[in-house]
Amino acid sequence: MTNRGTAEGTEEEINFVKLLNKKEDAKLWETLNLDSKTHYAIHVIYHKFGKINQKKVKPKADVYIAEGLVPQDILEENDYYLNEDDIETFNLVPIDGTGISVKLQNSKRYQITKLHPNTFNKIFGSYELGAGASIYCRKEKDLIKNDAVIEGWYSNTKSFIDFFKQAGIDIKDNIIDLETANEIKKYSNLKIEEIITNNKEISDFMFNGIGNFEEPFTVHYLYENGELKDDCFIPFKPTTGSGRSKGTFTIVIKPK
């Protein structure tokens, strides 16, 4: 099965911008609680500075709303599509709290958030927890790779073992066998879920980008399968990023 990727996702975002700007679906504008006559959907096309990332990255919002007036003939000429470059052209004013995340229809294969080791540590306060969620635990022959995983998460074997011993995991003779690796992995994933679920500040970062991006690039609405919702929470699970075998270590938060 071919993975439906960025190109299709971008097309979905463009189509949603056009749908909003045609002003034909009143329910969408009612959900946004805005007057469709003086507001327009804007496609986010540039990376933004993330305070936690400390660099420019793709923001949470794919689309936001701006206020002003775009001549109808020009809007029709543009096939109802507007992006960030049009803000200055038409002297539009971005509206805080209107960021929308647009999801590819009938897909659960997208990422909610990808966390590299330093970002993970800033949020969860531990490299070891990320390493625990990243270790190999399915095959005995793969256990030897876990030294590189732990090192890739800026830790070492002693600190790693001490961390999970303090968490209540019995690591006999300081040896991480297959059973212990499975226990560590399970604990780590459950702990990450628990922290995200119970800590609003972290949850807001994960799902909304609040605390990382300036307005209007945080997310306050979710457009999925033809429905616009003002609840951005998505049932989730932490997974190991696809680059692990190449030495690129990440934790990826994905839909369940």
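Author: What follows is a conversation about the fold, some of its elements and a few single residues.

Reader: Before we start, what kind of model is this, and which thresholds apply?

Author: This is a predicted model, in which local features need pLDDT of at least 70 and side-chain atom pairs count only at pLDDT 80 or more, while totals for chains, interfaces and linings use all residues. Residues are numbered from 1 along each chain as its sequence is written, and side-chain values use heavy atoms, with hydrogens and water left out.

Reader: How many helices and strands does the protein chain have?

Author: The protein chain has 10 helices and 11 strands. Both are DSSP runs numbered from the N terminus, with helices being H or I of at least four residues and strands E of at least two.

Reader: What are the dimensions along the principal axes, and what share of the residues is buried?

Author: The C-alpha trace spans about 75 × 35 × 25 Å along its principal axes. Of the 256 residues, 49% count as buried; buried means under 20% relative accessible area, exposed over 50%, and partly exposed in between, with a 1.4 Å probe and protein chains only.

Reader: And the contacts in the protein chain, what share joins residues at least 24 apart?

Author: Among contacts between residues at least 6 apart in sequence, 68% join residues at least 24 apart. A contact here means heavy atoms within 4.5 Å.

Reader: Let us turn to helix α6. Why is it described as largely enclosed?

Author: Helix α6, residues 127-134, is largely enclosed by the rest of the structure because eight of its eight residues are buried. Its buried residues include Y127, L129 and S134.

Reader: Which elements do they pack against?

Author: The buried residues of α6 pack against the helices α5 (117-124), α7 (146-152), α8 (157-166) and α9 (178-198), as well as the strands β10 (236-240) and β11 (251-255). At the start of α6, a side-chain oxygen of S126 comes within 3.1 Å of the backbone nitrogen of E128.

Reader: How do α5 and α10 pack?

Author: Helix α5 and helix α10, residues 200-208, pack at an angle of about 145° with their axes 10 Å apart. Axes are lines fitted to C-alpha atoms, for helices over the stretch in contact, and angles run from 0 to 180 degrees between N-to-C directions. On the α5 side T119, I123 and F124 take part, meeting I202, F205 and M206 of α10. Five of the residues of this contact are nonpolar, one is polar and none is charged. In that count Ala, Val, Leu, Ile, Met, Phe, Trp, Tyr, Cys and Pro are nonpolar, Asp, Glu, Lys and Arg are charged, and the others, Gly among them, are polar.

Reader: Which strands form the open sheet, and in what order?

Author: Three strands form an open sheet in the order β7-β11-β10, with antiparallel pairing. Two strands pair if DSSP finds at least two bridges between them. The edge strands are β7 (113-115) and β10, each pairing on one side only. Neighbouring strands are turned by 25° against each other on average, direction ignored. Helix α10 packs on this sheet, where it touches β7, β10 and β11, and its direction makes about 115° with that of β7.

Reader: What about β1, buried or exposed?

Author: Strand β1, residues 39-43, has five of its five residues buried, so it is largely enclosed by the rest of the structure. H39, A41 and H43 point one way and Y40 and I42 the other. Five bridges join β1 to the antiparallel strand β4, residues 63-67, and A41 stands opposite I65 there.

Reader: Now to single residues. Where does G241 lie, and what is it in contact with?

Author: G241 lies in the loop between β10 and β11 and is buried, with a relative accessible area of 8%. Leaving aside neighbours within four places in sequence, G241 is in contact with T250 and V252. The C-alpha atoms of G241 and K114, 127 residues apart along the chain, are separated by 7.8 Å.

Reader: Lastly, how many disulfides are there?

Author: The count comes to zero disulfides, a disulfide being a pair of cysteine sulfur atoms within 2.5 Å. As for the cysteines C137 and C232, C137 is buried at 12% relative accessible area, and C232 is buried at 8%.

Methods: A polar contact is a pair of N or O atoms within 3.5 Å; within protein, one must be able to donate a hydrogen and the other to accept it, and residues adjacent in sequence count only if both atoms are side-chain atoms.
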